[in-house]
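User: Could you walk me through this protein, with an eye to the aromatic side chains? I'd like the terms spelled out as we go.

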Amino acid sequence: MPRYNLLKLITFCSLLLLIISGNSAYAQKKLSIEDDSLSVRRVPFRDRDTTMALSDSLTKTAADTLKAFAVADSVAVSDSVAVADSVAKKRGMLEFPVFSEAQDSTVEDFSGPHKMIYYYGGVKVTYGNMGIEADYMAYDVDKQTVFASGLKDSLGNILTRPVMSMDGQSYNVDHVYYNFESRKAKIKNMITQQQEGILHGENLKMMADKSINITKGKYTVCDLDHPHYYLKMTAAKIVTEPKQRTVFGPAYVVVADVPLPLVIPFGFVPQRPQRASGIMFPTFGEEQARGFYMRDLGYYMVFGDHFDVAINTDIYTLGSWNVELNSRYKLRYKFNGDIGLTYSVDRTGEKGSNDFFESKNFSVKWSHSQDAKANPGTTFRASVNFSSPSNNRFNATNINQALENQFGSNISFGKTWEKMNLSINALHSQNTRDSSYVITLPNITFNVNRFFPFKRKNRVGKERFYEQISFGYGATFLNKVDFKAKEVKDPDFWSKLKAGMNHRFNIGLPSFTLLKYLNFSPSVQYGMNWYFQEQHPEYNEETGRLEYKRTPQFSTFGVSQDFSAGLSMSTRIYGTFMFLNPKGKLKAIRHMITPSVSFSYKPEMGTAVNGYSVYRYTTKDGETHEVEYNKYAGGLNSPPSPGQTAALSFELKNNLEAKMADDKDTTGVGTKKIKLIDNLSIRGSYNFLAEQYKLSTLSVSANTTVMGKIGISGNMTLDPYSINERGQRQDVFQAVQTKGKSLARITNASASLSWSISGEGKMEGNDGAEAARQQGGGAFGSQGANQNSGGAGIVTNTEQMSYNKIYYHPYTGEYIPGGWLYYLNPAVPWQVGLNLNYSYSKSYSYANEQLQTKHNHTQTLSVNGSLSLTKAFNISFNTGLDLTKLKPTTTTFNLTYDLHCFNIAVMWVPFGQWESWSFRIAAKASALADLLQYRKSSSYWDN
């Protein structure tokens with residue numbers, strides 16, 4: 001076909017289709033108008049306003065169109081309505097709610113003006129992302145509404161409550177009306193969780209946008225149905241988009257149903273992130289010495305995901321104040337730590353008065369730890385606690401911190417290789433009692449692990465003796481300064497700096513056994529010290545005294561060496577004594593003796609190579625004197641002492657056990673071991689090459705445990721040499737001096753006794769618990785709890801209450817009809833501990849040609865304990881008594897009481913330097929905790 005004819009055919013068909021569509025335009029337009037006007041019924045509520053406007057415009061268009069064409073075909077209109085109804089029903093079926101089958105029954109009632117369906121027992125309806133579960137529902141088919149409620153007993157108490165869910169969040173309600181078309185709901189008494197808080201609403205209306213309007217609401221963190229305290233909100237609104245938050249109008253605090261004069265004009269409860277910047281609410285109180293105070297007022301700032309800072313201050317009306325900065329940082333799988341800086345001006349008393357005192361204090365705290373996986377083989381840690389001497393005295397947060405007088409810091413870097421390791425440390429220690437400080441910077445330690453140079457890689461046969469020879473090496477470099485706080489400003493402060501280095505060469509020799517039971521271990525030690533300054537004596541003619549002057553640090557280099565060798569032997573000896581009486585409880589006594597002897601030799605080290613020299617000088621009187629000195633003395637590492645040593649050291653350990661008949665064994669032949677003496681040892685040494693005092697003092701120590709509860713330990717030092725008439729030690733044995741009446745003198749001794757007992761408060765004898773369990777109730781069962789509580793309201797379930805009704809006497813086992821209350825909680829944890837310490841020392845003084853012996857005794861008794869009267873009520877204490885001075889030591893009492901959603905804490909120091917007390921009651925949860933707390937205290941500064 002020619003292309004021209006094909007084009008004519010296409011044009012003709014197009015015109016024909018246009019004419020046909022134009023003649024049917026009216027019918028199509030009318031049908032679409034009727035359809036749109038009917039479809040308005042099924043449009044959700046959130047789009048109703050827009051759809052209704054559209055309906056009005058469409059209706060007006062339809063009227064104008066009908067007037068223009070003058071068409072009034074009622075049949076056509078009827079037909080179109082019929083078509084619209086069928087379409088509407090088809091669309092509505094897709095949006096109808098879905099009900100589950102009721103567990104009890106379902107009743108349909110279409111006789112009245114409304115088509116109703118009633119559901120009884122465990123029914124659930126779902127409509128999109130909304131769901132309701134209840135024991136009773138009434139569904140209005142025409143209005144597309146449902147009413148859901150729970151069940152009540154004959155007294156009107158609610159047994160079950162409906163649960164409404166929306167977008168994965170559940171709400172407990174009393175009853176609810178829900179319109180499936182408008183997606184609105186009216187709710188009575190709904191409870192919902194808001195972070196750690198709980199929101200109660202009496203009258204609520206849920207809108208189509210999922211927001212909730214509330215009147216007569218309560219915000220609380222108490223999880224009871226009737227909370228102990230809450231924030232009463234006159235009106236509130238929960239908004240879920242874009243984030244969930246609760247906005248409320250005027251509100252006031254209610255505690256125990258009593259309104260408090262704490263009014264908030266408006267506020268909101270946001271969906272809080274885990275870390276958020278904000279103001280830290282202060283606490284208020286009074287101290288007599290420093291006046292009224294406001295503590296912990298500050299601001300918390302978040303910087304990204306790994307760093308935050310908190311700045312807070314304390315202000316006192318009599319002029320004291322402090323500023324504290326705390327910061328935390330953390331990088332997961334790398335490191336974490338925290339930093340604390342404090343500066344304070346502390347004043348006690350009024351300015352101009354006799355008791356006025358002012359000091360300025362500071363503290364620096366830093367803690368840092370590195371994750372082990374971050375850099376294997378390398379470690380970096382920090383624990384810094386540095387402060388002014390009186391900082392803890394003024395700024396302590398508890399009595400234990402105020403009593404602390406020793407502080408220390410350590411910043412360390414470590415590197416480990418396969419056979420060696422390196423450690424670099426910065427150390428600090430201080431004593432607040434005498435304001436002394438010791439700073440070591442740096443402390444470098446390098447070690448080479450022990451290695452066996454002669455060991456064969458591929459050994460064949462037995463190990464040869466020389467393969468057990470080992471070597472090791474260690475070195476330490478120290479740079480230390482020891483000073484008092486007041487000496488920092490001295491011009492010669494840096495002259496106190498001391499440095500030194502120590503080298504240790506460890507040589508391990510093979511051990512061996514003789515006569516099967518004697519174990520021998522030889523040893524060799526070699527050490528070397530490096531010195532970087534010297535001291536030399538000089539005679540001062542003006543004062544007539546010999547003075548030692550030190551050269552500047554790192555002005556010289558010196559070396560001292562030390563060498564020793566030794567051989568030690570150890571074995572064990574057992575002895576058992578059997579009792580022949582078969583009916584006796586004591587069956588046997590076993591004595592184990594562990595003797596050890598070692599011999600060591602050290603050659604003469606008091607040589608010029610090791611820094612020993614003689615200084616000769618002439619006094620003003622013309623007398624010539626000589627003094628032997630060591631130019632390296634006074635440094636960090638002491639030079640080796642002069643003189644040869646060939647010493648025999650000995651130690652004798654004893655252990656004594658008894659074997660007793662076991663009364664609990666039913667066979668009659670069972671035994672048990674009882675330790676009589678855990679350890680009794682005596683040790684000393686004898687130097688064959690010493691010019692005098694060849695025998696050292698003897699040290700005796702012992703410890704044992706009695707009945708598994710009482711620990712006893714003691715030690716004493718015995719001097720085998722006597723004293724002369726002036727109380728001076730002399731090279732004469734005490735046995736010779738006293739002609740055998742005394743073998744040695746006791747120079748000092750100490751003993752301690754510790755006893756502790758704890759328990760679960762379990763009752764002796766038959767308490768009726770087992771019988772109650774077998775009966776399925778009784779004293780400890782749930783049925784027995786309901787049956788036996790009576791009008792007293794006593795719940796006997798042990799998981800709920802501390803007191804229990806029992807039916808058998810706890811000691812005699814006698815049955816008690818009706819039971820009785822036993823006022824001891826079987827689950828009470830308690831603990832009591834006693835520590836008795838005694839020490840003795842002896843000293844001599846010679847005056848007026850008389851020798852006086854002074855015996856120094858010190859005895860202290862300390863007692864600590866804790867008791868939980870209930871699971872919520874706890875008491876602990878710590879006290880003591882100086883038995884020598886008959887004065888009590890620092891005594892503290894602590895009491896805590898958990899009132900479900902409140903905590904009570906009481907601390908009391910009844911007497912002494914730190915006499916004080918504090919009382920605090922506050923909400924447990926952080927929400928509302930700043931509003932719902934009360935503090936009252938008396939500081940030790942008020943004494």
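Analyst: Let me begin with a definition: a charge sits over a ring if NZ of Lys or CZ of Arg is within 6 Å of the ring centre and within 35 degrees of the ring normal. By that rule, the charged end of Lys455 sits over the ring of Phe452, 4.3 Å from its centre, and the charged end of Arg295 sits over the ring of Tyr293, 3.8 Å from its centre.

User: Before we go on, what should I know about the model and the numbering?

Analyst: This is a predicted model, in which local features need pLDDT of at least 70 and side-chain atom pairs count only at pLDDT 80 or more, while totals for chains, interfaces and linings use all residues. Residues are numbered from 1 along each chain as its sequence is written, and side-chain values use heavy atoms, with hydrogens and water left out.

User: OK, how many aromatic pairs turn up in the whole structure?

Analyst: The search finds 39 aromatic pairs, where rings of Phe, Tyr and Trp (its six-membered ring) pair if their centres lie within 6.5 Å, and planes under 30 degrees apart count as stacked, over 60 as edge-to-face and the rest as tilted. Among them is Phe532 with Phe557, whose centres are 6.2 Å apart and whose planes meet at 45°, so this pair is tilted.

User: And where do Phe532 and Phe557 lie?

Analyst: Phe532 is in the loop between strand 31 (518–531) and strand 32 (535–540), and Phe557 is in the loop between strand 33 (545–550) and strand 34 (558–570), so the pair ties together parts that are 25 residues apart in sequence. Strands here (E, at least two residues) and helices (H or I, at least four) are DSSP runs, numbered from the N terminus.

User: Is Phe532 buried or exposed?

Analyst: Phe532 counts as buried at 13% relative accessibility, whereas Phe557, at 49%, is partly exposed; buried means under 20% relative accessible area, exposed over 50%, and partly exposed in between (1.4 Å probe, protein chains only).

User: What about Tyr539 and Tyr617?

Analyst: Tyr539 and Tyr617 form a stacked pair, 5.3 Å centre to centre with 20° between the planes. Tyr539 lies in strand 32 and Tyr617 in strand 37 (residues 612–618), so parts 78 residues apart in sequence are tied together.

User: Switching to the overall fold, how many helices and strands are there?

Analyst: The protein has nine helices and 55 strands, and buried residues make up 31% of its 943 residues.
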